[in-house]
Amino acid sequence: MENNPPMQLPAIQSCEAEDRQDIIDGINAYNLSHVPAMGEMSTPIDLVLKDEEGQVIGGLLGFIGYWKILEIKVLWVDEAWRGHGLGSKLMLHAEEMARSQGAKLSTVDTIDFQAEEFYPKLGYQVFGELENFPEGHRRIFFQKRLGEDA
């Protein structure tokens, strides 16, 4: 199919909330025309830790995409609760949930002052880095195989 744009290209505009789904649907249609989905478009894996008073002291936000990859977007444990294995428990629980849904890979990124030493202890390996992002630091990308060939 030829791509013949109109003579005058449209102007870029700020995205409205209702436009977001059209953009997501567009990239998903393109992606899936090349590689079929292995599952749902996006299955949330959101976990929370609360203390005895019901206060949030940590949590994990992630999802399993349609190619069965667990993507961890946020992992946080309140400073007062760190060092008790709660971050590891959250990660291992999310991995098990993902594994039970057929995920074969988990990815996460961190900044060097956050958890650079934490993820390798859980079996994650570096697959990329951004130097000087944010300025003076490194953003590090990790992956871990979850399947039977892990």
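Close-up 1. Leucine 130 stands opposite arginine 139 in S6, where strands, like helices, are DSSP runs numbered from the N terminus (E, at least two residues, for strands; H or I, at least four, for helices). The model shown is predicted, and local features need pLDDT of at least 70, side-chain atom pairs count only at pLDDT 80 or more, and totals for chains, interfaces and linings use all residues. Residues are numbered from 1 along each chain as its sequence is written, and side-chain values use heavy atoms, with hydrogens and water left out. Strand S5 (residues 125-131) pairs with strand S6 (residues 138-145) in the antiparallel sense over six bridges, pairing being assigned if DSSP finds at least two bridges between two strands. Six residues lie between the strands of this hairpin, in which asparagine 132 takes a positive phi near 55°. The side chains of glutamate 129 and arginine 138 meet in a salt bridge at 3.2 Å, N to O, a term that requires a side-chain nitrogen of Lys or Arg within 4 Å of a carboxyl oxygen of Asp or Glu. Glutamate 129 is partly exposed, with a relative accessible area of 38% (buried means under 20%, exposed over 50% and partly exposed in between, with a 1.4 Å probe and protein chains only).

**Close-up 2. Salt bridges around glutamate 95.** The structure holds seven salt bridges, and one of them joins the side chains of glutamate 95 and arginine 99 at 4.0 Å, N to O. These two residues are four apart in helix H2 (residues 86-100) and are therefore separated by about one helical turn. Glutamate 95 is buried, with a relative accessible area of 1%, whereas arginine 99 counts as partly exposed at 31%. The side chain of glutamate 95 also meets that of lysine 144 in a salt bridge at 2.8 Å, N to O. Because lysine 144 lies in strand S6 and glutamate 95 in helix H2, the pair ties together parts that are 49 residues apart in sequence. Lysine 144 counts as buried at 13% relative accessibility. Salt bridges that share partners join Glu95, Glu96, Arg99 and Lys144 into one network.

**Close-up 3. Aromatic pairs.** Rings of Phe, Tyr and Trp (its six-membered ring) pair if their centres lie within 6.5 Å, with planes under 30 degrees apart counted as stacked, over 60 as edge-to-face and the rest as tilted. By this rule the count comes to five aromatic pairs. Phenylalanine 118 and tyrosine 119 form an edge-to-face pair, at 5.0 Å centre to centre and with 75° between the planes. Phenylalanine 118 is partly exposed at a relative accessible area of 22%, while tyrosine 119 counts as buried at 4%. The rings of phenylalanine 127 and phenylalanine 141 have their centres 6.2 Å apart and their planes at 55°, so this pair is tilted. This pair links distant parts of the chain, with phenylalanine 127 in strand S5 and phenylalanine 141 in strand S6, 14 residues apart. Ring pairs link Phe118, Tyr119, Tyr124 and Phe142 into a cluster.

**Close-up 4. The surroundings of aspartate 112.** Aspartate 112 is found in the loop between strand S4 (105-111) and helix H3 (118-121), and is partly exposed, with a relative accessible area of 23%. Not counting residues up to four places away in sequence, aspartate 112 touches His137, Arg138 and Ile140, contact meaning heavy atoms within 4.5 Å. The C-alpha atoms of aspartate 112 and proline 134, which are 22 residues apart along the chain, are separated by 9.7 Å.
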